[in-house]
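Hello,

Here is the structure we spoke about. My notes on what was found in it follow below.

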Amino acid sequence: MSLPVFFVDAFTSTPFAGNAAAVVILGGPREDAWLLRVASEMNQAATAFIYPQDDGYNLRWFSAKVELELCGHGTLASAHTIWDQGYLASDAQARFHTRAGLLTANKVGEWIELNFPAKPEEPAEILPIFAESLGATPLYVGKSHLDYVVRLESEAIVRDLQPDFARLVTIPARGIIVTAQADAGHEYDFVSRFFCPSVGINEDPVTGSAHCALSPFWSKQLGRDQLTGFQASTRGGVVRVQLDGERVRLGGQAITTLRGELLP
């Protein structure tokens, strides 16, 4: 029996930008080994597997290498898919039961707003490995539940980084978020990039879960709860963030680029 599969570009309204995810619609649970083999075949930053259950959908995310603990663009792509393909009424809230708890999504005009847990960072020691692996001197290093947050001096430095991934992968964390305040005159408040070779992705194009740490970090720095971030990867993408206590509202757009069938 074939399974519907959709490729979606998340955190963008332009095809072939943002972060691509595969979304596979299942009839029910499948074995972990099978899910990982499918994700490896899809070879995307995230493959999302969803199936309906009471009060919403079960949702799991896999890179080509491992299961992911939290994935913003995979959730955004899943919400977009079930609305876009008619699995869920467009005015209904999308509810996803995940290993990170209940995550919800709502349509707000042309945007989708995700409700995710905040992952605030705490100050960490600025070890030599950060400058050695990034090729830039940190102004600040913090550690969240998942990742390190490294603040650099300028937007230009963030954009121009060419990390040493062989060194970067030795840092004990899911990934390294590098960030700086945006240059004056932009429509966004801060820029970032996300490097996560430990899960098989040297650089993730646009990372919703990284903004769960960036939102509280930049809210403290800039004194505002509503901000806009630009992830300055080659593909690039825009993430709106709003800090709401222990939660972060992540806003993004998405577009379907491919529809097909998986023949398991």
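The buried residues of helix 1 are covered by elements that include strand 1 (3-10), strand 2 (19-25), strand 3 (46-53), strand 4 (56-62) and strand 18 (254-262). Buried stands for under 20% relative accessible area, exposed for over 50%, and partly exposed for what lies in between, with a 1.4 Å probe and protein chains only. Helices (H or I, at least four residues) and strands (E, at least two) are DSSP runs numbered from the N terminus.

This is a predicted model, in which local features need pLDDT of at least 70 and side-chain atom pairs count only at pLDDT 80 or more, while totals for chains, interfaces and linings use all residues. Residues are numbered from 1 along each chain as its sequence is written, and side-chain values use heavy atoms, with hydrogens and water left out.

Helix 1 spans residues 32-42, and its buried residues are Trp34, Leu35, Val38, Ala39 and Met42. These residues are on the same side of helix 1 because they cover an arc of only 135° around the axis, the arc being that of the directions from the helix axis to the C-beta atoms. An α-helix has 3.6 residues a turn, so residues three or four places apart point the same way. Exposed residues Arg37 and Glu41 sit on the face of helix 1 turned away from its buried side. After helix 1 comes Asn43, with a positive phi near 55°.

On the cores: a nonpolar core is a set of buried Ala, Val, Leu, Ile, Met, Phe, Trp, Tyr and Cys residues joined through side-chain atoms within 4.5 Å. The largest has 53 residues, and Trp61, Ala94 and Leu250 have the most contacts inside it. A second, separate core has 21 residues, among them Val141, Tyr148, Leu168 and Tyr188.

Asp147 belongs to strand 11 (residues 147-151). Asp147 is buried, at a relative accessible area of 2%. Its side chain reaches the backbone nitrogen of Gly175 at 3.0 Å. Contact means heavy atoms within 4.5 Å; apart from neighbours within four places in sequence, Asp147 is in contact with Gly142, Ala173, Arg174, Gly175, Ile177 and Phe194.

For the chain overall, there are six helices and 18 strands. Buried residues make up 56% of the 264 residues. The C-alpha trace spans about 55 × 35 × 30 Å along its principal axes.

Regards

Terms used:
Polar contact = N/O pair within 3.5 Å; in protein donor to acceptor, adjacent residues only side chain to side chain.
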